[in-house]
Amino acid sequence: MFIASKLLSFATQPLAWVAVLLAVALLCVARKRTLGLRLGWASLGLLLLLGWQPLPDVLLRRLEAQHPPPAWAATSTAAEWQRTAGVVVLGGALEPAWVRAGNGQVALNGAVERMTVPVALLLQHPNLRLLFTGGEGALNTSGEPEAVQARAFFESLGVPAQRLQFETGSRTTYENAVLTAALPGVDKSRPWLLVTSAWHMPRALATFRAAGWNVTPYPADYRTGTRTPWTEYSLAVSLERWQLALHEWVGLLAYRAAGRA
């Protein structure tokens with residue numbers, strides 16, 4: 001499943017589609033010049049279209065809107081806070097081990113809210129504990145698990161070590177759910193908040209519940225609002241959002257087909 005997820009990651013990169021289309025165009029030019037030129041122009045047109053941000057935002061917005069935070073979470077004195085065992089935080093907000101190596105600092109990426117939102121919750125509610133789940137998700141697993149850097153991050157912000165617990169072996173969302181449940185002292189039947197990126201929440205929530213967890217979604221790291229101005233255009237931003245959206249939608253379908261969500 002891990003290797004399949006990496007192949008999926010490549011297949012859901014829109015630039016890969018452009019590259020394949022362009023390669024076919026070049027192969028056709030020698031014998032079928034007209035077809036080759038048409039495919040070449042088509043690859044250019046596809047590349048330009050991919051930069052229009054409202055298109056991928058439609059797909060991301062549909063993911064992000066599925067599971068809002070619980071209504072009671074807006075009230076800090078709600079009784080549900082006392083019944084909640086803690087917060088399960090999914091990895092994915094830290095750079096790969098080869099980026100972190102040797103620079104002496106915790107290297108966060110664009111999903112930083114996965115890390116900061118739980119800290120705010122722990123400061124507001126002293127009864128909560130934090131479970132962080134994340135190994136090394138790269139094909140090259142020679143580096144340290146993501147959880148090692150996560151520990152350094154949380155402790156640097158003053159979160160007491162006794163309120164923290166870490167799972168270091170998971171590489172996929174399914175492994176997050178299964179391996180975290182096996183940690184000593186963890187009771188997955190108690191109420192937990194699940195923190196991950198809003199666009200990842202549908203797959204994560206379904207996977208954890210299928211694994212028997214009593215979790216309530218608490219999404220972070222939103223990438224879209226209620227609408228995207230039609231004038232927004234950026235190849236860099238849009239290509240990233242296309243990949244996020246496509247990877248999640250295809251991943252959700254794959255997890256459901258495998259009975260993991």
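1. A word on the model before going on. It is a predicted one, so local features need pLDDT of at least 70 and side-chain atom pairs count only at pLDDT 80 or more, while totals for chains, interfaces and linings use all residues. Numbering runs from 1 along each chain as its sequence is written, and side-chain values use heavy atoms, with hydrogens and water left out.

2. Back to the patch: helix H3 (residues 33-50) gives the most to it, with 5 residues. Helices (H or I, at least four residues) and strands (E, at least two) are DSSP runs numbered from the N terminus. Leu48 sits in helix H3 and counts as partly exposed because its relative accessibility is 46%. The scale here is buried under 20%, exposed over 50%, and partly exposed in between (1.4 Å probe, protein chains only).

3. Now have a look at Thr228, in the loop between strand S5 (215-217) and helix H11 (235-257). With a relative accessible area of 14%, Thr228 is buried. Its side chain makes a polar contact with the side chain of Arg61 at 2.7 Å. A polar contact is a pair of N or O atoms within 3.5 Å; within protein, one must be able to donate a hydrogen and the other to accept it, and residues adjacent in sequence count only if both atoms are side-chain atoms. Leaving out residues up to four places away in sequence, Thr228 touches Gln53, Pro54, Asp57 and Arg61 (contact means heavy atoms within 4.5 Å).

4. Next, the inside. The largest nonpolar core has 27 residues, and Trp81, Val87, Met115, Phe132 and Phe154 touch the most other members. Two or more residues each come from strand S1 (86-90), helix H7 (113-124), strand S2 (129-133), helix H8 (146-156), strand S3 (164-167) and strand S4 (192-195). A core here is a set of buried Ala, Val, Leu, Ile, Met, Phe, Trp, Tyr and Cys residues joined through side-chain atoms within 4.5 Å. Beyond its neighbours within four places in sequence, Met115 is in contact with Ala93, Leu94, Leu108, Phe132, Ala150, Phe153 and Phe154. There is also a second, separate core of 15 residues, including Val88, Val186, Leu194 and Met201.

5. On charges, the structure holds 7 salt bridges, each a side-chain nitrogen of Lys or Arg within 4 Å of a carboxyl oxygen of Asp or Glu. Glu80 pairs with Arg83, their closest N and O atoms being 3.7 Å apart. These two are 3 residues apart in helix H5 (residues 79-83), so about one helical turn separates them. Glu80 is partly exposed at 27%, and Arg83 is partly exposed at 48%.

6. Arg171 and Glu175 form another, at 3.4 Å; Arg171 is partly exposed at 38%, whereas Glu175 is buried at 19%. Finally, salt bridges with shared partners join Asp221, Arg223 and Glu240 into one network.
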